[in-house]
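Dear colleague,

I am handing over the structure below, together with some notes on what was found in it. Please read them with the model open beside you.

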Amino acid sequence: MDVSKCTRLSGPLIKQMLNSVDSVLFDCDGVIWRGDQVILGAPDVINLLKKNGKKVFFVTNNSTKTRKMYADKLALMGFNATEDDVFGTAYCSAMYLKKVSKLQGKVYLIGSNAMRQELEKVGIQQTGVGPDHISGVQMDWPNVPLDPEVKAVVVGFDEHFSYMKLNRALQYLNNPDCLLVGTNTDTRLPLEGGKAVPGTGCILKAVEIAAQRQAQTVGKPNHFMYDCVASQFGLDSARCLMVGDRLDTDILLGSNCGLKTLLTLTGVSTVADVEAHQESGCPERLAMVPDYYVESIAELLPALQG
């Protein structure tokens, strides 16, 4: 692969790269598992990294699971991991509202039960989870009942997203003091067999267009997700590695935050995608070119075992 920045990680270079970092951030789906199937060798890689003194974290844009749910899944698959190692957008949204926005009030939540749980865990009340069916006629919709304590609209993945939820979000956001926060802008969720379903980004874009507002997003590639980890564990960005399967989220997060980046080819992005970005000459696309790539993170095993 004739790409100046993106190097095929193999042989002695693996150990050299690992010696240059103290902390490793892993995306989950497409990197350490695919759906409910663990990627061969992934638990050994994570467990040996920890055994060798590296800090390991799991950073995911998925907002449908709590930290505990992720920790339980990791344990079930053989990973040595705790809740404290997991940073999902449900948790990071709660942290953003609590620590950065210092929200004084409730949230209108277009999202999941997991997001509700993470918000409530830090003392933020919410309304909105579950279906919101159409009632009345069009002239009634601008006057839907609103909770006067709501001071922010938060948008994550919501299988119950509807016209009435979109309308209710708009009515809250007509107040310029009401915050608009999104978990991430991923437009498609890739599934096995090359299939996909609409992602959170589609829902968030609908709310942004209706409200004529732009959301503050907390997930990858926004630097807030890394900041969330770094502030709690005192990370040095120059000695961190971001491992992911998507150029536009994982690798771009690493570039945005000054981390070393490693693309694994077990998920979404391909070598051809990297080459297209490299050849474009566009600064925004060049930021999505990783420092290194591997076929699978299992290729790190020999360097960790030796």
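In which loop is Asp 27 found? Asp 27 lies in the loop between β2 (23–26) and β3 (33–34), where strands (E, at least two residues) and helices (H or I, at least four residues) are DSSP runs numbered from the N terminus. Before going further, please keep in mind that this is a predicted model, in which local features need pLDDT of at least 70 and side-chain atom pairs count only at pLDDT 80 or more, while totals for chains, interfaces and linings use all residues. Residues are numbered from 1 along each chain as its sequence is written, and side-chain values use heavy atoms, with hydrogens and water left out.

The UniProt annotation "binding site", from an unreviewed entry, covers Asp 27, Asp 29 and Asp 245; UniProt positions are given in the numbering used here, feature names are shortened, and annotations may be inferred rather than shown by experiment. These residues span 219 residues in sequence, yet no two of their C-alpha atoms are more than 8.3 Å apart, so they gather at one spot. From this set, Asp 27, Asp 29 and Asp 245 are taken in by the lining of the largest pocket (on a 1 Å grid over the protein atoms alone, a pocket is an open set of points where a 1.4 Å probe fits, with protein on both sides within 12 Å along at least five of seven lines, and lining residues have an atom within 4 Å of a point).

Turning to the helices, the axes of α6 (residues 163–173) and α7 (residues 200–211) come within 9 Å and cross at roughly 45°, the axes being lines fitted to C-alpha atoms over the stretch in contact and the angles running from 0 to 180 degrees between N-to-C directions. That makes α6 oblique to α7, since angles under 35 degrees count as roughly parallel, over 145 as roughly antiparallel, 65 to 115 as roughly perpendicular and the rest as oblique. The contact (heavy atoms within 4.5 Å) is made by Leu 166, Ala 169, Leu 170 and Leu 173 of α6 and by Ala 206, Val 207, Ala 210 and Ala 211 of α7.

Gly 128, in the loop between β8 (126–127) and β9 (150–155), touches Tyr 108, Leu 109 and Lys 165, not counting residues up to four places away in sequence.

Two backbone details remain. The peptide bond from Lys 220 to Pro 221 is cis, with omega near 10°, and Pro 221 sits in the loop between β13 (216–217) and α8 (223–233). Lys 102, although not a glycine, has a positive phi of about 50°.

Best regards
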